Amino acid sequence: MSKTFSSYSKSPGPETHLDLPDEFTDSSSMLYSMYLSRVEGFDKDQVQDWKGGADGVLVFTGLFAASLATFLVDSYKYLQPDTGDGTIVLLSQISQQLAGISNGSHISIPSTIPSQAAFHPSNAALWVNAFWYMSFIISLFCALLATLLQQWARRYARITQPRCSIHKRARVRTFYAVGVERFRFALAVEAIPTLIHLSVFLFLAGLVIFLFGVNQSIAYATLATTVACALLYTAATVLPSIYLDCPYQTPLSPLVWRLRRMLTSAVRYAAKRAVERLDKKKDKELPVSAPNDAKASTLRGVTIWLKGLSKLAVPTSLVKAAEAAALHKDVSPELDARALAWTLDTVDEEHELEQFSRGIIHWVKSKFVRSPANVIEKAVSMSELHPDLGRDISYLYIRSEDPGTLTDSKVLPPGVRDRRKDLCLRAMYEYPGAMLGVLRRADKDDSDTLRRAYRALLASEHSWKLAQDFIGPLKGKRVRTDLKSLETSPRPTLIPTFTSTCAPRPPSTISSSRTSSTSSRR
């Protein structure tokens with residue numbers, strides 16, 4: 001730049017202004033800023049993930065390499081002749097000579113000693129040392145790669161956040177991000193744990209071979225344990241490709257998924273070609289006058305089956321496949337119900353139940369959730385803490401309306417009290433079966449106090465208004481509610497007669513009804 005920083009940092013006078021360069025005042029800064037604000041958190045999490053993986057590799061390789069070195073100290077001796085063997089031969093010859101001298105007999109002694117040049121290590125020793133040394137080298141190389149990975153992560157975090165204008169910073173970050181994708185940096189990061197696993201299996205293979213030369217019983221026990229571990233590892237590798245919700249995974253699982261994709265592509269291509277051949281064969285051999293012939297029906301069924309195979313599609317990665325399975329229309333309601341049931345089991349405070357009631361009001365109006373009311377009902381049936389959600393919400397309303405009715409009630413500020421009462425009433429009208437439960441408990445509850453509280457809830461002006469809003473779209477239709485059990489009940493009732501048209505009575509009528517009911521009771 002031709003201008004210095006001091007020219008930008010001077011305080012503007014009464015008739016001057018800051019002469020900023022165009023790159024700081026360009027209209028594109030808003031979108032660039034939005035881009036950088038979003039990728040900042042992504043890059044931070046990515047760098048932390050890289051560093052965390054490298055730390056785990058360094059800890060494991062340090063312990064594993066130290067253990068492996070202990071075995072190598074003893075195993076390399078089997079690759080060279082043992083000098084103790086020659087010493088034993090010489091001592092044996094001397095012992096024979098001394099014995100012959102003492103007996104007065106002559107013993108012929110060979111003029112040469114066994115040559116060490118004719119020594120050949122056994123095949124078992126060769127295999128053991130080959131496996132163990134390869135394992136040792138791979139583990140050390142993984143430690144080196146983990147150290148480099150930490151350095152690469154720090155470098156990426158530094159060079160993608162240069163101290164410059166927002167436009168340059170965005171372009172520099174994108175430039176290096178493209179390089180990360182181009183050179184498959186994520187694949188290189190995943191390759192390090194894969195090499196560690198390979199190193200472990202090489203060590204186990206060498207250990208089994210080594211033990212067969214020492215003691216076969218111990219060797220067979222070690223072999224059985226190694227095979228069991230290998231089978232568990234194979235299962236953890238393959239299961240995610242079969243069951244997409246499987247939490248187990250190994251670095252080789254993405255490779256298995258790629259093999260599945262390749263196999264699916266081959267089946268899809270073969271099915272497509274087979275469908276084309278069947279269509280040609282059907283046009284040539286089958287007469288048009290016999291569409292219901294057995295052969296035609298068989299060909300038609302085979303064609304439909306092959307067309308289904310030709311439309312098979314497998315997502316590019318395990319993560320995308322799991323996302324697609326979770327969002328499937330037949331699975332999502334079950335998942336939504338489980339999520340709500342888990343949330344409901346964590347609700348153990350009044351303010352949390354109030355928050356959940358507010359969520360019910362909006363949940364049942366969702367256009368994204370399939371059958372939202374049914375999902376809530378299923379979630380409540382799965383809940384252990386709130387198996388009767390309608391009753392719990394009605395209790396919350398009663399605690400707010402009349403704190404002395406229930407023993408665990410709390411006196412609330414007027415604003416909180418009114419808000420909670422409104423939310424509870426709305427939630428009970430929206431939640432399927434909640435108001436029906438209130439009607440039943442108002443007539444059959446064992447506590448007279450609760451019966452009066454339920455009936456006061458139903459007869460409240462707010463409840464009538466919500467009922468009118470709730471069934472407002474049904475005006476013009478005759479909607480009757482069967483409350484015969486309430487009407488014929490011998491107990492005194494404060495509930496107005498519901499067996500009328502869908503339009504509820506105005507508040508003035510409710511007030512007169514309350515007065516008449518109170519007079520009759522007196």
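Tyrosine 76 counts as partly exposed because its relative accessibility is 37%, where buried means under 20% relative accessible area, exposed over 50%, and partly exposed in between (1.4 Å probe, protein chains only). This is a predicted model, in which local features need pLDDT of at least 70, side-chain atom pairs count only at pLDDT 80 or more, and totals for chains, interfaces and linings use all residues. Residues are numbered from 1 along each chain as its sequence is written, and side-chain values use heavy atoms, with hydrogens and water left out.

**Around tyrosine 76**
- Tyrosine 76 sits in the loop between helix 3 (29-75) and helix 4 (83-103); helices are DSSP runs (H or I, at least four residues), numbered from the N terminus.

**Aromatic pairs**
- Rings of Phe, Tyr and Trp (its six-membered ring) pair if their centres lie within 6.5 Å; planes under 30 degrees apart count as stacked, over 60 as edge-to-face and the rest as tilted.
- The count by this rule is 13 aromatic pairs.
- One of them is stacked: phenylalanine 60 and phenylalanine 64, at 5.8 Å centre to centre with 10 degrees between the planes.
- Both of these residues, phenylalanine 60 and phenylalanine 64, belong to helix 3, 4 residues apart, or about one turn of the helix.
- Phenylalanine 60 is partly exposed at 37% relative accessibility, while phenylalanine 64 is buried, with a relative accessible area of 12%.
- Phenylalanine 201 and tyrosine 233 make an edge-to-face pair, because their ring centres are 5.2 Å apart and their planes stand at 70 degrees.
- This pair links distant parts of the chain, with phenylalanine 201 in helix 7 (residues 185-212) and tyrosine 233 in helix 8 (residues 216-242), 32 residues apart.

Terms used: Helices (H or I, at least four residues) and strands (E, at least two) are DSSP runs, numbered from the N terminus.
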